[in-house]
Amino acid sequence: MTNPPSRPAVRPQPRRTLIPVAFQVPDHGGNHGGGHRIAFGVPPRRTRVLAITLVIIVVLIAGFLLFDSLYTAYLWYRSVGAAHVYRNRMATQAALALVFGALMAVAVGANIWLAHRFRPALTGVSLEQQALDHYRMALGPYLVWLAAGVSVLLGIAAGAGATGAWRVYLMWANSVPFGTTDAQFHKDVGFYVFTLPWLRHIQGFLLAVAVLSLIAALLTHYLFAGVALTPPSGERKGPRATRAAQVHISLLLGFLVLVKAYAYWLDRYALTVASSTITDGWSGPTYKSVHAVLPAKTILLVIAVLCAVLLFGNAARLIVSRRQPEIDRGGHPWALPTLGVSLMALASVLIGGVYPLAMQQFRVNPSEASKEAPFIGKNIDATRTAYGLDGFEVHRYDATTDVARDQLSADAATVAQIPVMDPSVISATYDHTQQAQGFYDFPDTLTVDRYSIDGKTQNTVVGVRRLNLDGLPSDERNWVNDHLKYTHGSGVVAAKGNAAGPGGVPDFIARDLPPTGVFGDYERQVYFGDGLPDYSIVGGKGGDGGGVPLGSSLDKLLYAVKFQDPKILLSDAVGRHSRIVYDRDPKQRVRTVAPWLTVDGTAYPVVVGGRIQWVVDGYTTTSAYPYATRTDLIHTDLGDNRVNYVRNSVKATVDAYDGTVRLYAWDESDPILKAWMKAFPGTVKPRSAISPDLLAHLRYPQDLFKAQRDILGRYHVTDAQEFFGGASSWTVPEDPTKPDDPTKTAPGQPQPQSPYYLTVQLPGQSAPSFSLTSAMVTANGGGLAAYLAVDSDPGPDYGKIRILELPPATAAPSPGQVQATFQSAFAYQLNARAGGTARIVQGNLLTLPVGHGFLSVEPVYLQPLNGQSAYPLLNSVMAAFGDKVAFAPTLQQALDQIFAGESGAATGENPPTAPTAADELRTALADAAAAQNDGATALAKEPPDWTAYGQAQQRLQEALGKAQAIEAGQQPSK
């Protein structure tokens, strides 16, 4: 009788708590004496006390800094009457952190507990298990704390990550229907904008739970011998996992694969906004995605569900089987699950990758235009709707290039408002003539607005006199001056946009300190605006909303910590009535009060009701509108401005004196705005609450118009085949007067021409209106292709875009071509005016649809190179119509020169004044200097250009003769 084969030696796993001071790990030969020693010594009591004390101190400091951040934020919100916004947001973030953090902690902790609970009672005798025995004994007393600590830390991480999804949650929780469906799945657009992002967040969280739970379970099974990397001693092959461990891992893998199936389901809907390679910027389903990718996602979803069923079935088989030993030795219980997962991986490559590529290559590319036509049509419709372009008007404009006397008589109202003051040029002129004090200055680019003067609407150039501490002498820069004494700007300066004063300075209608002019008496202190110091402390001047009170020592301490400035706490100048004003930029204040808004890059000032108010445009946006193409919202505050739906849903104001923020619903039909108004009730006032005085100054925002004109460059086309070809596309012309964009990372690159606010009358309008305008050129860089104007006057037609489309055969020059003509035709005049003592500053090149054609106007400024008047002054105007050009001291004279001596319309310029003797002498000397420079240039050529030299010498003698006659008090000969 033979003895049964002996089983490998096993020994019970210790259940007692043992804390060895040290143990010896054997080497690979099993010799304990040759191993290495691992110590678990208990640290001295003094060291433990010191460590605990340091931890407590760090925790207290971190807690105080967190309290400081949260409480000062609450004080700020309360000071602007928006405490409910802060409470709602913090409550939402706290709830998300608790729910998702708890779910993660419970899931990971439960899986650690299950792995430990079903650990084998006996461990095999192997080098691996002998080494792990010592770790198991060492960790025994701390196992509960260690498991709890890992679970809590992962829960905290998950909770912190969930707080960033508060916008996504609130959009889902307060969603409203759009009332329109997508063209592929026929679901309401609200599903893609509100629901799908939240489902994506849930799917990402579930994936993290599955992966982290699986890792935690595997590590715990390994530590307690449920999973082994090596077989027991004496066996060449053997089991690697206990039956309990296999059940546990099989269930977790099944859950992980099920989450992947859920992701495949969501991927189907994500195709509605997926990018395509058909044309630049295309978004939405294509022939390939509908006929290959979408079926592939569905098939992969089914395969993933079947794989999950196999994994769950494997776990069930292991549970119900009574013939399995504790450690499974035979059979292949993982054969079917392994096969299923392998097939899923192979299918994801072949069905999800190779098949769509093959369809694109062999079925779509040979006849791409016809295959994609239906999808392009859907993209055109969705994109127009998403950008509010489904109501624009297109007018054929057969622009003439011929000129005739009185040709502009029908456009007299438009001509009267043609601006000659460039807001981006005359800021320096404002600085030198209206600065009042060295510590004031004006923004680099001023604002275009309109005010009523003597019953007539006057286009104006407006600037706020802001505080600039860099203008203080260095010996006056100290903490008291920087933060307590010089705390605000002062007053608004405005000038006519269509006229200049004597000598080319702006014709101011509001100026000086104390202020004088059309604004009358108003609160001129500017505590809130751009370019102000990070914080100032004022003596209770802020009114109800002007900053946060510093009435207690705790408040001072909190803000001393916030701004890392102990003087706030220690200075005697900070009293119980003091207030601290910060977050002073109007855009930042609006963005903080309404964190769900995308804020326009420009805040412009208006004077209404005796106060200076900053107007800020707020957008509701999404990048999830199905079938719509994405574009950039230029100059906005967000890092990622790629959106495919935008509405100017909110007009906001910020009081320059006390910082009060008011939000008004501008597009009350916008579903996204409705959702946010549900989430933050009472935050946004109805449109009817806008006062008539404020309403008169609201305008169409530039950033929105820039995005719309970029889209219209392609989406003015309605025929899918024509759209696919791209030959009919328009593009924004480069700005010929400002070739370098200082905001770009690559200097020297041309920048697109900015749209400009003009008073124009287009077909379909009964009278001129204040409009935002832009020229468009052909995609190949040719001539003018179209002219865009959007009505910016609040009223029935506000926001209506009108397009003047030129027939292809029309030879209208582009802005770049007009500028090239100016430079070549008037090179002598420009050089003569500079004369080596000044530089020429070119203003905006404006394009206006008047006289049945296009009029181009460009003001020319002269800026002396030194002296007290070293700032730009309007010197002359260049104008062009068709192939006719003119260069004259005034716009009126330039227009009359072009149109046969009489344009038929009067400009808004002031009547010209007779030049003084000093003006004539300066001009004569400048002509002489220019002639001398031309002569030197002619002689420097190889060979010398004697003809040009002779002409230059003749001009030099004429100029010197004029100068001598003027000095002698005689009338110079013509």
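In the predicted model, Leu663 has Val684 of strand E24 as its bridge partner. Strand E23, which spans residues 661–665, is joined to E24 by two bridges, and the two strands run parallel. Helix H19, formed by residues 702–715, packs on the sheet and touches E18, E19 and E22. The direction of H19 makes about 135 degrees with that of E18.

The sheet itself is open and consists of five strands in the order E18-E19-E22-E23-E24, with mixed pairing.

Elsewhere in the model, a nonpolar surface patch of about 980 Å² is present. The patch is made by Leu50, Leu54, Ile57, Ile61, Phe64, Leu65, Phe67, Leu554, Leu557, Leu569 and Leu570. Three helices, H1 (45–79), H14 (553–562) and H15 (567–570), each supply at least two of the patch residues. The greatest contribution comes from H1, with seven residues. Leu554, one of the residues that make the patch, is placed in helix H14. The relative accessibility of Leu554 is 42%, and this residue therefore counts as partly exposed, a class that lies between buried, under 20%, and exposed, over 50%.

Methods
Residues are numbered from 1 along each chain as its sequence is written. This is a predicted model: local features need pLDDT of at least 70, side-chain atom pairs count only at pLDDT 80 or more; totals for chains, interfaces and linings use all residues. Side-chain values use heavy atoms; hydrogens and water are left out. Two strands pair if DSSP finds at least two bridges between them. Helices (H or I, at least four residues) and strands (E, at least two) are DSSP runs, numbered from the N terminus. Contact means heavy atoms within 4.5 Å. Axes are lines fitted to C-alpha atoms, for helices over the stretch in contact, and angles run from 0 to 180 degrees between N-to-C directions. Patches are made of residues with over 30% relative accessible area and no salt bridge: like charges are joined within 9 Å, nonpolar side chains (Val, Leu, Ile, Met, Phe, Trp, Tyr) within 5 Å. Accessible areas come from the Shrake-Rupley method with a 1.4 Å probe; for residues, only the protein chains shown count as cover. A salt bridge is a side-chain nitrogen of Lys or Arg within 4 Å of a carboxyl oxygen of Asp or Glu. Buried means under 20% relative accessible area, exposed over 50%, partly exposed in between (1.4 Å probe, protein chains only).
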